[in-house]
Structures are given as C-alpha cells and as structure tokens.
Amino acid sequence: MKIAVLTSGGVAPGMNAAVRATAQAAFARGWEAVVVENGYHGLLNGDIRPVKRHELWGLVQQGGTALGTGRSSEFEEEERGKEKALDRLREAGVGGMVVIGGGGSLAGGLELHKRGLPTVGVPATIDNDIPGTELSIGVDTAMNTAVAVIDRIKDTATAQRRAMVVEVLGRDSGYLAATSAIAGGDDATIVPEFDTDPQELLDLLNESYEKGKPRFTVVVAEGASPTASEFCDFINDAGGGYQADLTTLGHIQSGGTPTAFDRILAARLGASAVDALADGASGTMVGLSGDSIERVPLEKVVGEKRPLDPDLYRLAGILSALPD
Ligand code: F6P
C-alpha cells in the first residue's frame, strides 16, 4: 500500500507533526508514503515524491508546513481538475490519501473520495471552525501566541493608560478571539457570531475609566463587525480622554513552533488517519471527541461550521467584569 499526504489551505502550526505522524504510522505498517508538495495546486502539477524516514527527523517541532500549501481553482471548480488530480495520484501508484487542512482542504478530500480514492481528512486550522472535532491542529499554538503578545501589549497599555484593540485571526470564527480574551484577561471581545453595539461597549469602557481603570485591551476577531480598526477609530473619535491603538496580529499566529499539545494532537490524528485507511474507511475525518479520536463522515463536515459555544463567549464577558 502506498499513501499520499497533502497539506492545504491556511497554515496551522502542527501540520508538520501531522505529516510526520502519518508517514511514520504508514511505515510502521510496512506501507510506502509519498508527499504532495504545494497542496492541491501541486497535486495538479504532479508534485508528488516519495518520503524517506530521515526526512522526518526534526520535523515535529517545525512551524509552517514543509510540504507547502496551495489552493487550486482548477481543482475546486472544474471536474477536469479533479480528474487530473486523480490521474496524477494513480500515476504515482497511490492507493490512499490523507488530507491535512481546514474546511476547503477537507472538501477537496471528499471530492477525491467520491471519485473512488480512499481518503481520510485531518483537521488543521487555527480557526477551530471544523465540526466533528473539539479542536483542530494549530488552535492551541495560535491561542498561546495571541496571549503572549496580548500580555506584552497590556504592559504598554497600563504604562500609557491606553485602550489597545487587538485583532486576531480566525476568518469567520470567533473562537480564537474569545479564548484569547479569556486567557489574556482582556476587557472585551468582539466576535462575528454575536452582535456588539460599539456605543454600549464604549460606555462600559468609559465608566470603568472614570472609576480608575488605567487601561483596556479589547480582542476583536478578524471577521467581526465592527472591525478592530473601526472600533479603534470609534474610541478615538469619541475623544473620551484616553487614546486607542490598533495591533493586528495577522500571520504571526499561523506560524511558529507548535505547542506540545498541538504536536500530540497531530500525532494522534495523523496515526488515526492511517488506521482508518487500514480499516478500509474512506470519506471520513478523524477528530477529537473528549479524550478519544473518532471518525466522522466528511459529508457531515464539509460545508458546515463549528459554532462558537455561547457559554464560552458569555464567560469572556463575565470575566471582563466591566465597568469595575
Ligand atoms: O483559515 C486559516 C487562516 O489563517 C485564517 O485565520 C485567516 O483568515 C486566513 O487563513 C489567512 O489566509 P492566507 O494566509 O491565505 O491569507
């Protein structure tokens, strides 16, 4: 048996650890492994090569993805692109596929499965918006990165008596913002899933300021309304006596050394994906459910979004304790 491993879409720390675990688990079964470079784009180009055990040395702690990622509109939008991808895999003698990535990547995996190639998905995205898994690979690292930066920003905010508005990644998901706000002890969080009235929030900040609170940190998800930039301008335009500054964390969060948690999750999911192929499963995703790794049909995952837990969002509000 020869399997192929591909990483695709947005970068998530721990993707390398997942590739390593997948290949190691294949080798442990006496299988061969090939890697696809540059995601679906590379797949169509035939960027497929065998991977040797020594290439996996040192991979577990590396950020990014050594395979590269790449989206392909030809693969996504055209039947011809999908057939081309399958031809490339058949030419390489591939009998099973492990796709590591977010929603778009898993959708591609489902298409390969539907056309007869045994395919298993491994969720890896810092957005944590994939249904069927409590956590995706990369979320823990991205959250820790955000919190470490927010801690530093707070030092400056306190010294200068300012309001710091921090934009975090997450696309349309507020998970990273809400959890970073809880862990960072921030004053407010604005997420796409719940409405925020900018004036109401500003009133709370102002009331706290008048009672002596020396600084504020507000964490805003990139897909939220108002955006971080709009809310920062809103504070400054209101002229409430303190200055607001904007920090956009951006791709700082998608890079970096994966945490031990992400490496272990990647190891478990990568190895479980190989187990699934060995069991003859296809069109399935492996995901974290409590302490277990479970298999979820890709049909139930693709096109769906994991909702933000309202209790988590509520907790962020309770802990902010404004206006005291
Ligand atoms: O979906 C993962 C993610 O990192 C999002 O949080 C972010 O919006 C997006 O990808 C960034 O994509 P790109 O690196 O292609 O700009």
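Angles between axes under 35 degrees count as roughly parallel, over 145 as roughly antiparallel, 65 to 115 as roughly perpendicular, and the rest as oblique. The model looked at here is predicted, so to speak of local features takes a pLDDT of at least 70, side-chain atom pairs count only at pLDDT 80 or more, and totals for chains, interfaces and linings use all residues. Residues are numbered from 1 along each chain as its sequence is written, and side-chain values use heavy atoms, with hydrogens and water left out.

Start with the sheet. β7 runs parallel to β8 (residues 216-221), joined by 3 bridges, and Ile190 has Val220 in β8 as its bridge partner.

Now for the helices (DSSP runs of H or I, at least four residues). The axes of α8 and α9, lines fitted to C-alpha atoms over the stretch in contact, with angles from 0 to 180 degrees between N-to-C directions, come within 11 Å and cross at roughly 60°. α8 and α9 are therefore oblique to each other. In contact terms (heavy atoms within 4.5 Å), Pro198, Gln199, Leu201, Leu202 and Leu205 of α8 meet Phe231, Phe234, Ile235 and Ala238 of α9.

Methods
Two strands pair if DSSP finds at least two bridges between them. Helices (H or I, at least four residues) and strands (E, at least two) are DSSP runs, numbered from the N terminus.
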